[in-house]
Amino acid sequence: MILAGVASVYMVYWLRPVLVPFVVACFIVSGLSPVLGWLETRLHVSKIVAAGIAFLAGILMLVVFGIAVWGSLLDLSKNSAAYRNRVQELVREVQERLPSFTLLSDRQTATADLEGSPTRANEGGGAKIDQLVDNFVRDGISAASQTLLALSSTSVIVLIYVFFLLLGNSGYARSGTVREIDEQIRGYLSLKTVISLFTGIAFGLALRAFGVPMALTFGVFAFLLNFIPNVGPIVASILPIPLIIFAPEGTWLWMVSAISVTSAIQVISGNVIEPKMMGNAADLHPVSVLLALMFWGMMWGIVGTFLATPITAAIRIVMDKFEPTRPVGNLLAGRWSEPIA
């Protein structure tokens, strides 16, 4: 039994290049099925035409997302000189307050001391700062480009799966267990998408109002990361902080205000609006969600963290249907009062 479980986990990990796009497509189809029916009814088109419309809409959204991210990266690249000057100003302020602080290496410092040239030492520190900022921008653009390319290729595969699953979606969710899973996941994803959409819009508009670069990209990231419970909103709040701190014309009041407003949006969304609207839509204990995030993140990477909650909710529903595994399902839901053994 244990060996079978270990083998299953290994297979899930080994087959992740195939399973991840397919599972993502299944969840997308679960949410798109009502939309597909609406298109067929309102536009009086066949299922293949409705699936084609959904496929083209997905391609269009992918292209718009790519253009938005790439445009933001180019904007950051153009402003790299201003950020470099800002970093130099901050370092000079720190050096004035802490004379022992330096960005020079020990060899550069010793050489500057022997030559008795503080100007040369400052120039060396400035050059090092320039190199650090340029490397950060260049490496960031390179990493983002590779990530965007990988995401685009994976998204195309997912959309192909979605297209064919929509074509074959002819009442597959009529049986009791599968239908219950489909309805619960659809309800969870629908509410989560709406909340995440408004959170991302508010987050991006707030950054835009404060004049922070890449506001649109950070808004998109806030939308996506909101699907990762607990951890995602924290990461979304942290991402724009370096650009806020090193803003060329930013004052301390502006920095504190920008960070406070954007963080407040995430706090209100995650701790006020979402609990009131969703409740416990997935019927999972918070500890179960946290463990699921770690497990599926380890198995499937960042995509696994997005899928952790709906996958675990589906597993809980299946376990509830069988007497031997029902205690485990109760444990995942946090129903401690029922016997576990």
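This is a predicted model: local features need pLDDT of at least 70, side-chain atom pairs count only at pLDDT 80 or more; totals for chains, interfaces and linings use all residues.
Tutor: Let's start with a term: helices (H or I, at least four residues) and strands (E, at least two) are DSSP runs, numbered from the N terminus. Residues are numbered from 1 along each chain as its sequence is written, and side-chain values use heavy atoms, with hydrogens and water left out.

Student: Which residues of helix 13 are buried?

Tutor: Buried means under 20% relative accessible area, exposed over 50%, and partly exposed in between (1.4 Å probe, protein chains only). In helix 13 (residues 326–333), the buried ones are P327, G329, N330, L332 and A333. They pack against helix 12, where contact means heavy atoms within 4.5 Å.

Student: How do I read the crossing of helix 2 and helix 12?

Tutor: Two packed helices are described by the angle between their axes and the distance between the axes. Axes are lines fitted to C-alpha atoms, for helices over the stretch in contact, and angles run from 0 to 180 degrees between N-to-C directions. For helix 2 (residues 16–43) and helix 12 (residues 286–320), the axes come within 11 Å and cross at roughly 35 degrees. On the helix 2 side, the contact is made by R16, L19, V20, V23, V24 and F27; helix 12 brings M299, W300, V303, L307, P310 and I311.

Student: What about the largest nonpolar core: which residues touch the most other members?

Tutor: In soluble globular proteins, nonpolar side chains tend to be buried together. A nonpolar core is a set of buried Ala, Val, Leu, Ile, Met, Phe, Trp, Tyr and Cys residues joined through side-chain atoms within 4.5 Å. The largest one here has 38 residues, and F27, L207, W296, W300 and I311 touch the most other members. Helix 12 gives the most to this core, with 12 residues. Looking at W296, and not counting residues up to four places away in sequence, you'll find that W296 touches V12, G301, G304, A308, I311, T312 and I315.

Student: And P240, is that buried or exposed?

Tutor: P240 counts as buried, because its relative accessibility is 0%. Look for P240 in the loop between helix 9 (231–238) and helix 10. Leaving out residues up to four places away in sequence, P240 touches F203, L207 and F218. P240 and F218 are 22 residues apart in sequence, yet 7.0 Å apart in space, C-alpha to C-alpha.
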